[in-house]
Amino acid sequence: MFKGIDFSHAFQPIIDINKGDIVSYEVLLRGKSHEAPWVVFNKVEKQDLPLFDQYNREKAIALASRLGLDRSINLNFLPRDILADEGSCLIKTIEACRRHGFNSKQLTIEITESEFVENYDALSNILNNVRRENIVIAIDDFGAGYAGLNLLASIQPDLIKVDMSLLRHINENGPRQAIVRAMSRVCLDLGIDVLAEGVETEEEFDWLRSIDISLYQGFLFAKPVFESLPTVDDLKFKIPTNSFTSVCCYGT
Amino acid sequence: MSNLFHLIYASQAVHEFSRQDIVELLSDVKQKNQQLDVHGMLLYDKGSFFHILEGDKEIIHDLFDQIVKDEKYQKVTKIIFEAIPKMFFSDWSMGYSSLSRSELEQMDGMNDFFVGQTCLSGIDQGRATKLLRAFSCGRWRST
Ligand SMILES: Cc1cc2nc3c(=O)[nH]c(=O)nc-3n(C[C@H](O)[C@H](O)[C@H](O)COP(=O)(O)O)c2cc1C
């Protein structure tokens, strides 16, 4: 049904500095000539958008498989996609992963709260049900728009991606430092990993690293690459190896 | 078990627990949990408990209700109750750790959690592990 719409995908690496390696790639929609996502979305009838989103995700999984993906893959979902039809888009996505030889563990679903969610309970029930499939559940753009503490309190994700607007120039911005430091404490308490998204400068990175954030995505390391999975050697910024001091203290 | 869940809570002990108190508590708890096919791990450090329970959703839910109601020993804070893909502590009806390093290292399967990042990165990075780490770093304590 979407045969007339030409599109493909770009992949942006996610780096874990504790492992010194790329651990995943976020998939981003692109036009065939690398156009931005909205150019593609504009060609889709509004009522067909949920169907297109799913078609888009399954096509991305197929492409990742052709490219030989051996890490994780991050795909985007809107809460309303998940709420429609009891989360069937999640099940279909997990099945598509398996069909292409991936383990469900390799799938991270990123939920963006771009609109107000009325029924947190329903969302949290659906997510809790797919949790047993061993996928990773992430909140995207945390701290921007609606994506905030309510979502965090009700769905208890495995990962939050801190929105880049909070991280911009964080090395010299007191209020942002206070907020991100507190967020990272909350996440430690709740067993949630923190990812810094849209990191552009070494100064931002150094500050974030100083509060023990270990997951990064951003232009500092790599831009999204069209139809290709960049490797560690392709990164613009060499991954500094983390010192192994901060993890555990021993009680007596 | 199809509806596998874990529940993790922290609590403040109403009185200081001696080693002997814990041993007695555990032998009692282990027996009950075995009957319910509930597994998990209990940590105690300076007046704070940290307890991971794994098993069938309904069973864990009801068990937790009981634990909360029993105010003789502890004041409970629930941290999380969620589905899990597999049992993490299936070999244990209820493990116990007092968080002393040398003791931990003597306990089979225990040291993995606490002996530095190289070991930690080798095992499942599930929520239970992350919360254990948080507790071992001093979080979820009463004081
Ligand atoms: C730290 C702590 C952990 C406990 N864990 C369990 C448990 O895992 N399973 C259990 O049946 N009771 C556990 N108990 C005991 C319960 O609080 C409660 O006393 C018991 O379930 C009551 O059972 P009974 O009415 O059959 O005696 C625990 C108590 C404490 C202080």
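A:H169 is found in the loop between α7 (164–167) and α8 of chain A, where helices are DSSP runs of H or I with at least four residues, strands are E runs of at least two, and both are numbered from the N terminus. Its phi is near 55°, a positive value in a residue other than glycine. With a relative accessible area of 42%, A:H169 is partly exposed; buried means under 20%, exposed over 50%, and partly exposed in between, using a 1.4 Å probe and protein chains only.

A quick word on ground rules: this is a predicted model, local features need pLDDT of at least 70, side-chain atom pairs count only at pLDDT 80 or more, and totals for chains, interfaces and linings use all residues. Residues are numbered from 1 along each chain as its sequence is written, chains are lettered from A and ligands numbered from 1 in the order in which they are written, and side-chain values use heavy atoms, with hydrogens and water left out.

A:D212 also has a positive phi in a residue other than glycine, this one near 70°. Its place is in the loop between α9 (202–210) and β8 (215–217) of chain A, and at 48% relative accessibility A:D212 counts as partly exposed.

Now for the helix contact between the chains. Helix α8 (residues 174–190) of chain A and helix α6 (residues 127–136) of chain B have axes that come within 7 Å and cross at roughly 115°. That makes α8(A) roughly perpendicular to α6(B), a label for angles of 65 to 115 degrees (under 35 is roughly parallel, over 145 roughly antiparallel, the rest oblique). On the chain A side, the contact (heavy atoms within 4.5 Å) is made by A:L188, A:D189 and A:L190, and on the chain B side by B:R127, B:L131 and B:A134.

Next, two buried spots in chain A. A:S8 lies in strand β1 (residues 7–16) and, at 4% relative accessibility, counts as buried. Its side chain makes a polar contact with the side chain of A:E227 at 2.4 Å; the term covers a pair of N or O atoms within 3.5 Å, and within protein one must be able to donate a hydrogen and the other to accept it, with residues adjacent in sequence counting only if both atoms are side-chain atoms. Beyond its neighbours within four places in sequence, A:S8 is in contact with residues including A:L28, A:L63 and A:F226.

A:Q54 sits in helix α2 (residues 49–66) of chain A and is buried as well, with a relative accessible area of 8%. Not counting residues up to four places away in sequence, A:Q54 touches A:F77, A:C89, A:K92 and A:T93.

Over in chain B, B:V14 has its place in the loop between β1 (4–13) and α1 (19–36). B:V14 is partly exposed at 48% relative accessible area, and leaving aside neighbours within four places in sequence, B:V14 is in contact with B:E71, B:K72, B:Y73 and B:Q74.

| Residue | Ligand atom | Distance |
|---|---|---|
| B:K32 | oxygen | 3.0 Å |
| B:N33 | nitrogen | 2.8 Å |
| B:D70 | oxygen | 2.4 Å |

Definitions and conventions
Axes are lines fitted to C-alpha atoms, for helices over the stretch in contact, and angles run from 0 to 180 degrees between N-to-C directions.
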